[in-house]
Amino acid sequence: DEYDNPLMEAYKNNYYDNAINFYQTWLTGALKNNKDVFLAVISGVLKIGQESLFSKLNNLEHVPLKN
């Protein structure tokens, strides 16, 4: 589900680097190194998709939602 709210809170409360490290480790283990996952959807409001959070994942596609 939405990953961006916890990251915004981490940024506002000065623990952003720790939060990014947690998310990178978690997402890499859950998505990249998991042979049982073929496709995953990560949703969020903020466009952080090309930031350091997802730098260790491959084949990401940003799909904006339109009204």
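Visitor: Which helix do the buried residues of α1 pack against?
Guide: This is a predicted model, so local features need pLDDT of at least 70, side-chain atom pairs count only at pLDDT 80 or more, and totals for chains, interfaces and linings use all residues. Residues are numbered from 1 along each chain as its sequence is written, and side-chain values use heavy atoms, leaving out hydrogens and water. Contact means heavy atoms within 4.5 Å. The buried residues of α1 pack against α2.

Visitor: How many helices and strands does the protein have?
Guide: Both are DSSP runs, numbered from the N terminus: helices are H or I, at least four residues, and strands are E, at least two. The count is two helices and zero strands.

Visitor: Which residues of α1 are buried, and what arc do they cover?
Guide: Buried means under 20% relative accessible area, exposed over 50%, and partly exposed in between (1.4 Å probe, protein chains only). In α1, residues 4-12, the buried ones are D4, L7 and A10. They sit on the same side of α1, because around the axis they cover an arc of only 120°.

Visitor: What arc do the buried residues of α2 fall within?
Guide: The buried residues are A19, I20, Y23, Q24, L27 and T28. They line one face of α2, because their arc, taken from the directions from the helix axis to the C-beta atoms, is limited. An α-helix has 3.6 residues a turn, so residues three or four places apart point the same way. For the buried residues of α2, the arc is 155°.

Visitor: Which exposed residues does the other face of α2 carry?
Guide: The buried residues of α2 pack against α1. The face turned away from that buried side carries N18, F22 and T25.

Visitor: Which backbone oxygen does the side chain of T28 reach?
Guide: T28 lies in helix α2. T28 is buried, with a relative accessible area of 17%. At 2.7 Å, its side chain reaches the backbone oxygen of Q24.

Visitor: How far apart in space are H62 and I42?
Guide: H62 lies in the segment after α2 (16-32). H62 is partly exposed, at 49% relative accessible area. H62 and I42 are 20 residues apart in sequence; C-alpha to C-alpha, the distance is 9.7 Å.

Terms used: Polar contact = N/O pair within 3.5 Å; in protein donor to acceptor, adjacent residues only side chain to side chain.
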